[in-house]
Amino acid sequence: MLTDPARRTTRTPRRYLLSGLVRCAVCGKAMYSGTDSRRRRYACRATQGFAGCGRVSITAPQLETAISTAVLVRLDSPDLAAILAGKPAEADTTVTALHETIAADLARLEELAATWGEGDLTLAEWKAAKSRIDTRLATTRRQLAAARGTGTCYP
């Protein structure tokens, strides 16, 4: 059973930095790396087996250098460090307000749990209050993700 070829999950490793990541600006299809008579390029292929338009290509070293530099600059920015630490940028009042709203709602959830634990709320009351706070938290986290321009909802 362990040697069954159907279980094989390994793939051929990528040979080039941006393989599978670069998209054509015209048609949006994946661009593939290959060499022409002189140098390696990323190209949108329109030949059989490829769904591209065949109208765009760029030299690979030039593109890889530009992308690598942009990524390293972003990774070294104070803004990214603040986001990863869960701290908003000081100048962004919208993000700051959303962080404060999330913190307040998380504190309300803790207070709600303590109140229910002491027997001051029925289970139905606890569920109703928790549902409202959870809905508000989800909405605020979506707003925070949109304000940050990221796909992640959590601070």
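Which side chain makes a polar contact with the side chain of Ser33? That of Arg40, at 3.3 Å; a polar contact here is a pair of N or O atoms within 3.5 Å, where within protein one must be able to donate a hydrogen and the other to accept it, and residues adjacent in sequence count only if both atoms are side-chain atoms. My notes on the rest follow.

1. Ground rules. This is a predicted model, so local features need pLDDT of at least 70 and side-chain atom pairs count only at pLDDT 80 or more, while totals for chains, interfaces and linings use all residues. Residues are numbered from 1 along each chain as its sequence is written, and side-chain values use heavy atoms, with hydrogens and water left out.

2. Overall layout. You'll find 4 helices and 3 strands in the protein. Read from the N terminus, the order of elements is β-β-β-α-α-α-α. Helices (H or I, at least four residues) and strands (E, at least two) are DSSP runs, numbered from the N terminus. Of the 155 residues, 21% are buried; buried means under 20% relative accessible area, exposed over 50%, and partly exposed in between, with a 1.4 Å probe and protein chains only.

3. The 3 strands make an open, antiparallel sheet in the order 1-2-3. Strand 1 (32–35) and strand 3 (57–59) are the edges, each pairing on one side only. From one strand to the next, the twist averages 30°; axes are lines fitted to C-alpha atoms (for helices, over the stretch in contact), and angles run from 0 to 180 degrees between N-to-C directions. Two strands count as paired if DSSP finds at least two bridges between them.

4. How the strands pair. Strand 1 and strand 2 (residues 40–43) form a hairpin, with 4 residues between them. Their antiparallel pairing runs over 4 bridges. Ser33 stands opposite Tyr42, and Thr35 has Arg40 as its bridge partner.

5. Arg40, worth a close look. Besides the contact with Ser33, the Arg40 side chain meets that of Glu64 in a salt bridge (2.9 Å, N to O). Arg40 sits in strand 2 and Glu64 in helix 1, so the pair ties together parts that are 24 residues apart in sequence. A salt bridge is a side-chain nitrogen of Lys or Arg within 4 Å of a carboxyl oxygen of Asp or Glu. What about burial? Arg40 is buried at 18% relative accessible area, Glu64 is buried at 12%, and Ser33, in strand 1, is buried too at 17%.

6. The structure holds 4 salt bridges. Among them is Asp105 with Arg108 (2.8 Å, N to O), both in helix 3 (residues 93–117) and 3 residues apart, about one turn of the helix. Asp105 counts as buried at 0% relative accessibility, but Arg108 is partly exposed at 41%. These two are also linked with Arg136 in a network of salt bridges.

7. A pair in helix 4. Asp134 and Lys130 meet through their side chains in a salt bridge (2.6 Å, N to O). They are 4 residues apart in helix 4 (residues 123–148), so about one helical turn separates them. Asp134 is partly exposed at 29% relative accessibility, and Lys130 is partly exposed at 27%.

8. A nonpolar surface patch. Ile67, Val71, Leu72 and Leu75 form a nonpolar patch on the surface, with about 380 Å² of accessible area together. Patches are made of residues with over 30% relative accessible area and no salt bridge; like charges are joined within 9 Å, and nonpolar side chains (Val, Leu, Ile, Met, Phe, Trp, Tyr) within 5 Å. Accessible areas come from the Shrake-Rupley method with a 1.4 Å probe, and for residues only the protein chains shown count as cover. Ile67 belongs to helix 1 (residues 60–75) and is partly exposed, with a relative accessible area of 36%.
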